[in-house]
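The sequence and the model come first, and the description follows.

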Amino acid sequence: MRSTDGLRFGSAGVLPDAPKRSSAGGVAYVGELGLGAMEIEWVRSRMRIVSDRTAKAICRAAKEHDVSLSVHGVYYINFNSPRAEVIEQSRDWVRVQARSAWVAGATDLIFHAAFMHDDDEDTVYERVRRHLSELAQELQADDISVTLRPETTGKPTAFGTLDQVLCLADEIDGVEPCIDFAHIHARNNGGWNTYERFRQILDRTREVLGVAAIGNLHLHFSGIDYTEAGEQNHLLLDDSDMHWEELLQALVDVGAAGTLICECPMHGQEEELKRLQTRYSALKKEQNA
Ligand SMILES: [Zn+2]
């Protein structure tokens, strides 16, 4: 259900005004608003096990309303934990959640892959690479076609620079990046927030992964609060310094397609999505004029 002409905008979870509070209800509401995507937030452990019945209801709603689905996996994944049981558990999370995502009709599983724990970059990269490559192979063998998307993270203590996630995607079949522009901005202490910098991120993605990746992007975006230690909180756009219009212009100019999930605070997310989508459509029109 990927858009072939540009980006679909979507919510991170069930929007507060959705009359039905289930994920399926959230999907239907997003569709009624004229948005094209939703990320299901299976981020806490109580969401670990989703019944097939629930997943199938989500899938039906997505088909009926033409909404592209992704899943944000649990926050507890850490492929660089010093504890073997945490690594085993992380592998299980990915297996279980990828399967549920697939039954729900989601195409992508997004997650934060690891913490650095004072280990050097190459060691952590190699650990994450090994686990993701084994998991991607397992999923393929089980005919579960869900793309694994490690995310660019908001703090230097977390694994996930742009180059790290691009390299993983380049090396492993079944892995693609999730690029979070707010996180990149926060982990670089307020940098990477101009049209040129956004273009650089997208050009680098094309350089490493080829032009097809620009047509199949998965993006996160929000305002963000940060210190020298990186990300603190996600914010509404007007409460932040994020140059969101410059980002949209860069996305239009490179011909980006795929999904952009708005991770602004829930109480204002619907308004932010409308604003982003409206501005994006106007920029697309200008481009085609
Ligand atoms: Zn994100």
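## The zinc site

The site of the zinc ion is irregular, with angles of 91 to 165° among its four donor atoms. The model is a predicted one. Four residues coordinate the zinc ion at 2.0 to 2.3 Å: E151 through OE, D180 through OD, H220 through ND1 and E263 through OE. Along the sequence, these donor residues follow the spacing E-x28-D-x39-H-x42-E. The pair D180 and H220 links distant parts of the chain, 40 residues apart. D180 belongs to strand β6 (residues 179–180), and H220 belongs to strand β7 (residues 217–221).

Buried here means under 20% relative accessible area.

## Two helix pairs

Two packed helices are described by the angle between their axes and the distance between the axes.

Helix α5 covers residues 162–171 and helix α7 covers residues 195–209. Their axes lie 10 Å apart, and the two helices pack at an angle of about 25°. Angles under 35 degrees count as roughly parallel, and α5 and α7 are therefore roughly parallel to each other. The crossing in which α5 passes α7 is right-handed. On the α5 side, the residues that meet α7 are L162, D163, L166, A169 and D170. Their counterparts in α7 are I201, R204, T205, V208 and L209.

Which residues of α5 are buried? They are L162, Q164, V165, L166, L168 and A169. The cover over the buried residues of α5 includes α4 (121–141), β5 (147–150), β6, α6 (181–187) and α7.

The crossing of α9 and α10 is right-handed. From α9, the residues in contact are W244, E245, L248, Q249, V252 and D253. They meet R275, L276, R279, Y280, L283, K284 and Q287 of α10.

## The loop between α6 and α7

Most residues other than glycine have a negative phi. Two residues in this loop have a positive value. N189 is found in the loop between α6 and α7, and its phi is near 50°, although N189 is not a glycine. W192 has its place in the loop between α6 and α7, and its phi is positive too, at about 50°, again in a residue that is not a glycine.

How accessible are they? N189 is partly exposed, with 43% relative accessible area. W192 is also partly exposed, with a relative accessible area of 24%.

## Residues apart in sequence

| Pair | Apart in sequence | C-alpha to C-alpha |
|---|---|---|
| I87 and E134 | 47 residues | 13 Å |
| E196 and L247 | 51 residues | 9.2 Å |
| P82 and H117 | 35 residues | 8.4 Å |

I87 is found in helix α3 (residues 84–103). With a relative accessible area of 14%, I87 is buried. Leaving aside residues up to four places away in sequence, I87 touches N78, F79, S81 and H131.

E196 has its place in helix α7, the helix that packs with α5. At 54% relative accessibility, E196 counts as exposed, because exposed means over 50%.

Where does P82 lie? P82 is in the loop between β3 (68–72) and α3. P82 counts as exposed, at 70% relative accessibility.

Key. Residues numbered from 1 in each chain as written. Predicted model: local features only at pLDDT ≥ 70, side-chain atom pairs only at ≥ 80, totals over all residues. Heavy atoms only, no water. Donors = N, O, S within 2.8 Å, 3.2 Å for Na, K, Ca; no water. Tetrahedral: all angles 85-135°; square planar, octahedral: opposite > 155°, others 65-115°. Helix = DSSP H or I, 4+ residues; strand = E, 2+ residues; numbered from the N terminus. Axes fitted to C-alpha atoms, helices over the stretch in contact; angles between N-to-C directions. Parallel < 35°, antiparallel > 145°, perpendicular 65-115°, else oblique. Left-handed = near helix turned anticlockwise from the far one by under 90°. Contact = heavy atoms within 4.5 Å. Buried < 20%, exposed > 50% of the residue type's maximum accessible area, 1.4 Å probe, protein only.
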